[in-house]
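Here is a short note for someone opening this structure for the first time. Please read the points with the model in view.

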Amino acid sequence: MKTTNCSSVIFILLLLSINSFSQTNKKKEVSNYFDKIIGEEILNINNGKIHIDPYNLKNSHNYYSNKNFIKGSVFYDSQLYENVLIKYDIYKDQLVKSFENNNSFGITLTNEKTDYFLIEDKRFVNIDNKYKFPKVITGFFEEKYLGKKISLYIKHFKTAKETIIESSLYNEFKEYSDYQLLYNSTFTAVNTQKEILTAFPQLKKEIRDYYKKNKIPEDTNPYQFKADLIQFIDNNL
């Protein structure tokens, strides 16, 4: 379809789709209906580089949680796309979308156009797009806690090394996390108790007591423990 004809069709279908919904319907319902009418092939979210995964995998992978595409939502190029198949490559810090629901063929989305995405009930935001002030961190972060005065973000990332297993060369990945606290328009690493005490010297006693009382949650669910701790600090500032 030529560009001029495509633009005309999009305009006409948009008018029809808007008229077919009552004014009380949510905007996202109109958007989803419009996307369905136009067809997936001309959506902005399908404009990207072909995803190439060059790794020989065996016991680990380079993705967040799941190496297969799973349903999620993406706010891409100023538009929200829901119920799309995606996976997050945390080694390269890239979001990959399945093309036409194909598990072996993906498109690497442009980071600069991706404001946020949701996968497995986790919300990841593009720090570069959300916060324009100078900062030392970059890329996608899990938005773990948004508070009154402070917020917590988690950077999930993996390192890679080559290993030989049964005479074959494989890529092995190991996952890590970097906790970043946003306070007074500044990001500060809060990976250890010492770093948290340094950030909030006025609450040293309260923070130490919190660690003592919540030792088991810290060991069993460190992500939620850190979020609860930051909320505790936020409530006491």
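1. A definition comes first. A nonpolar core is a set of buried Ala, Val, Leu, Ile, Met, Phe, Trp, Tyr and Cys residues joined through side-chain atoms within 4.5 Å. Note also that this is a predicted model.

2. Start with the largest nonpolar core, which has 19 residues. Leu152, Ile196, Phe200, Ile207, Leu229, Ile230 and Ile233 have the most contacts inside it. Five elements each supply at least two residues of this core: strand E9 (150-165), strand E10 (168-183), helix H4 (193-199), H5 and H7. H7 gives the largest share, 5 residues.

3. Look at Ile207 next. Leaving aside residues up to four places away in sequence, Ile207 touches Ile196, Leu197, Phe200 and Ile233.

4. How do the helices pack? Two packed helices are described by the angle between their axes and the distance between the axes. For H5 (residues 204-213) and H7 (residues 222-236), the axes come within 11 Å and cross at roughly 150°. Angles over 145 degrees count as roughly antiparallel, so H5 and H7 are roughly antiparallel to each other. The crossing of H5 past H7 is right-handed.

5. Which residues make the contact of H5 and H7? From H5 come Glu206, Ile207, Tyr210 and Tyr211. From H7 come Phe225, Lys226, Asp228, Leu229, Phe232 and Ile233. By class, 7 are nonpolar and 3 charged, with no polar residues.

Methods: Residues are numbered from 1 along each chain as its sequence is written. This is a predicted model: local features need pLDDT of at least 70, side-chain atom pairs count only at pLDDT 80 or more; totals for chains, interfaces and linings use all residues. Side-chain values use heavy atoms; hydrogens and water are left out. Axes are lines fitted to C-alpha atoms, for helices over the stretch in contact, and angles run from 0 to 180 degrees between N-to-C directions. Helices (H or I, at least four residues) and strands (E, at least two) are DSSP runs, numbered from the N terminus. Angles under 35 degrees count as roughly parallel, over 145 as roughly antiparallel, 65 to 115 as roughly perpendicular and the rest as oblique. A crossing is left-handed if the near helix is turned anticlockwise from the far one by less than a right angle, and right-handed if clockwise. Contact means heavy atoms within 4.5 Å. Ala, Val, Leu, Ile, Met, Phe, Trp, Tyr, Cys and Pro count as nonpolar, Asp, Glu, Lys and Arg as charged, and the others, Gly among them, as polar. Buried means under 20% relative accessible area, exposed over 50%, partly exposed in between (1.4 Å probe, protein chains only).
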